[in-house]
Amino acid sequence: MEPGIHELTAGYALDALDPEERRAYEEHLEGCQRCKEELARFWDVSTSLALAATGPDPSLELRERILTAARAEPQNVVPIQRKPRLTRGWALGAVAAAAAVVAIALGAWAASLHGRLGHANDRLAADRAALAIVSDPSARFVALAKGDGRLVVAPEGRAAMIVDGLEKAPSGKTYEVWVINGTKPTRAGVFAGGGRSVVAVQGTVGKDAVVAVTLERAGGVNAPTTTPVAASQPV
Amino acid sequence: MRSQLAHLSEEALVALVARGDEVALAELYDRVGRMAYGLAFRVLRDDRLAEDAVQDAFLAVWRTAAGYSAERAKATTWILTLVHRRAVDLVRREQRRRAEPLDDAEGHEEAASASAEEAAWLHFERERVQAALRQLPDTQREAIELAYYGGFTQSELAERLGEPLGTIKSRMFAGLARLRELLDDTANHEGPWNPEFTS
């Protein structure tokens, strides 16, 4: 490898290359594992430099402005209901996403930064399962017939329910998830609600099944006793 | 109400953003937005331009989250890289650079919105980085600070400092490699956050 271009890794990590050199380096980077590794480590250093630069606070309006602009903007989302071409890049992306999810258990950097550890391990395990499904590039969305949110169905019928706007279940109560095949509901997990819930559906969700959520006695019951607060379209 | 996504890593949040999840984007902003703005402000020295850089970067996160790979960089690193790239692009376009970008943006103590633990962590991290920078040879430190905080390219630095371009390139590489060693040496082995600071 040309030593000159290798040395540009530092300038690239600091955004200090002229446009032409930047392009040349990016081309080189695609095929150079050594530079990729070096760059990853230099980026850690530039992140430290970024953290050291803390200045005043942004205006409160900036957050809303960003979210409003995002809502108005089309996104490069994974197309719904299309078999993704599993190129090498995507496959790696999926592995990386799964690895990222695993990182939660390792007391990921941000979690410790914000002092937000202390969730029960089983809760984390369930969340990891849900996130693995949600971030599976071959999963598809199914709209809800009732409630706000969506059902995400990955291959082999693994599914996660995303429900927005459910009040936290009152004391002595819990939300219970059901997989309904025909008219037969099967228990598929419980959750507490409140804000946005991302819940792994236990068992598998087959074709034409419906996933529904009811409010039940704490601990869950064997068959639903109330009207669903959320329900998917048939899968 | 605390976000339901509070327990997720930034990497997992980016995975949700790639699925069009606005709540996850908001959570990412709540975690990284202040750091991002602090960085953009340090480079640009202007509220409006700094906010533009942060907004552009978060919209880039929104648009391109599906292409993010956790193998390449941590999500926070990725976002701050996008912010920095936009900030230096803007500073070059606006020709806003000050003669002395080395002045620290002192006087911006942690704002009331930061939690005590976050403020303590940032304070600790900033001290650590500044201590490491002070240990670099002056020429290396100067090259890194003028490039990263001042937005100067290597060839602009060569001209400004009256040195050959090759010297600047080598200096920057050696300086960044040394800074990495210094930071590794002082890092907590369980991660950058030292839990002792929380209690």
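Here is a short tour of a predicted model, from its confidence scores to its core, strands and helices.

Some ground rules first. Residues count from 1 along each chain as its sequence is written, while chains take letters from A and ligands numbers from 1 in the order they are written. As the model is predicted, local features need pLDDT of at least 70 and side-chain atom pairs count only at pLDDT 80 or more, whereas totals for chains, interfaces and linings use all residues.

**Confidence**

The model scores ipTM 0.85 and pTM 0.62. Chain B has a mean pLDDT of 83, with 79% of its residues at 70 or more; pLDDT is the predictor's confidence in each residue, from 0 to 100. Over residues 98-103 of chain B the pLDDT is below 50, and this stretch has five contacts in the model beyond near neighbours in sequence. Residues 189-199 of chain B also stay under 50, and there the model has 16 contacts beyond four places in sequence. A contact here is a pair of residues whose C-beta atoms, placed from the backbone, lie within 7 Å.

**Chain B**

Chain B has eight helices and zero strands. Both kinds of element are DSSP runs numbered from the N terminus, with at least four residues (H or I) for a helix and at least two (E) for a strand. Of the 199 residues of chain B, 48% count as buried. Buried means 20 or more other C-beta atoms within 10 Å of a residue's own, exposed means 12 or fewer, and partly exposed is in between, with C-beta atoms placed from the backbone. Among chain B contacts between residues at least 6 apart in sequence, 67% join residues at least 24 apart.

Take helix H3 (residues 47-64) of chain B: its 18 residues reach 26 Å from first C-alpha to last, close to the 26 Å expected at 1.5 Å a residue. That expected span is 1.5 Å times one less than the number of residues. The buried residues of H3(B) include Leu49(B), Phe58(B) and Trp62(B). Their cover includes helix H4 (60-71) of chain A, along with helix H1 (10-17), H2 and helix H4 (75-94) of chain B.

**The core**

The largest nonpolar core has 118 residues, and Ala160(A), Val211(A) and Ala40(B) have the most contacts inside it. Such a core is a set of buried Ala, Val, Leu, Ile, Met, Phe, Trp, Tyr and Cys residues joined through C-beta atoms within 7 Å. Helix H2 (residues 22-44) of chain B supplies the largest share, 14 residues. Leaving aside residues up to four places away in sequence, Val211(A) touches Leu151(A), Trp178(A) and Val201(A), among others.

**Strands of chain A**

Strand E3 (residues 159-166) of chain A is mostly covered, with six of its eight residues buried.

| Strand paired with E3(A) | Sense | Bridges | One bridge pair |
|---|---|---|---|
| E2(A), residues 148-153 | antiparallel | six | Asp148(A) and Asp164(A) |
| E6(A), residues 195-201 | antiparallel | seven | Leu166(A) and Gly195(A) |

The hairpin of E2(A) and E3(A) has five residues between the strands, and Glu156(A) takes a positive phi near 65° there.

Lys146(A) belongs to strand E1 (residues 140-146) of chain A. Lys146(A) counts as partly exposed because it has 14 C-beta neighbours inside 10 Å. Not counting residues up to four places away in sequence, Lys146(A) touches Pro228(A), Ala230(A) and Ala231(A). Pro228(A) is 82 residues from Lys146(A) along the chain, yet their C-alpha atoms are separated by 8.1 Å.

Methods
Contact = placed C-beta atoms within 7 Å. Pairing = 2+ DSSP bridges.
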